[in-house]
Amino acid sequence: MRVLPWLLAGAAIGAGIAVLVLNDWEPQFDTGYDSVDRAAGKTFGWGTRQRAEGKIGSVVGKVKEGVGRFTGDSDLQAEGTVQNVAGQVKDAAGEVGNAVAQTMHDLNK
């Protein structure tokens, strides 16, 4: 009976990430230049999507790594490790994208 809370938590996390990835929400940057405004918004949206995809990839990689370790499948464990690192890199790229968007906004106030 301890599986149900984990399933509910996983479903809630998945739904939250899906909302982040599938929603085209972008903050409205109020600058004097429309082209800079659009570029900052697109960069922020790209960074947010990259961060969400990176988090998903990292979690899937950790699960694969754990299942591989549990079953003794070294190939699955190695695949999980690689996917985890790739997810972390994608998350870091998303953070950079968000920082660039914020910098564009701050410089063009």
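N98 sits in helix 3 (residues 74-107); helices are DSSP runs of H or I with at least four residues, numbered from the N terminus. The model is predicted, with local features requiring pLDDT of at least 70 and side-chain atom pairs pLDDT 80 or more, while totals for chains, interfaces and linings use all residues. Residues are numbered from 1 along each chain, and side-chain values use heavy atoms, without hydrogens and water.

N98 is buried at 17% relative accessibility (buried is under 20% relative accessible area, exposed over 50%, partly exposed in between, with a 1.4 Å probe and protein chains only). Leaving aside residues up to four places away in sequence, N98 touches T43, F44, G47, T48 and R51, where contact means heavy atoms within 4.5 Å. A polar atom of the N98 side chain lies 3.5 Å from the backbone nitrogen of T48.

The whole structure holds six salt bridges, each defined as a side-chain nitrogen of Lys or Arg within 4 Å of a carboxyl oxygen of Asp or Glu.

| Salt bridge | Closest N and O atoms |
|---|---|
| E95 and R51 | 3.5 Å |
| K90 and E53 | 2.9 Å |
| K55 and D91 | 3.5 Å |

K55 in helix 2 and D91 in helix 3 are 36 residues apart. D91 is buried, with a relative accessible area of 12%, whereas K55 is partly exposed at 43%. Salt bridges with shared partners join R51, K55, D91 and E95 into one network. R51 is partly exposed at 27%, as is E95 at 42%.

Technical notes
Helix = DSSP H or I, 4+ residues; strand = E, 2+ residues; numbered from the N terminus. Polar contact = N/O pair within 3.5 Å; in protein donor to acceptor, adjacent residues only side chain to side chain.
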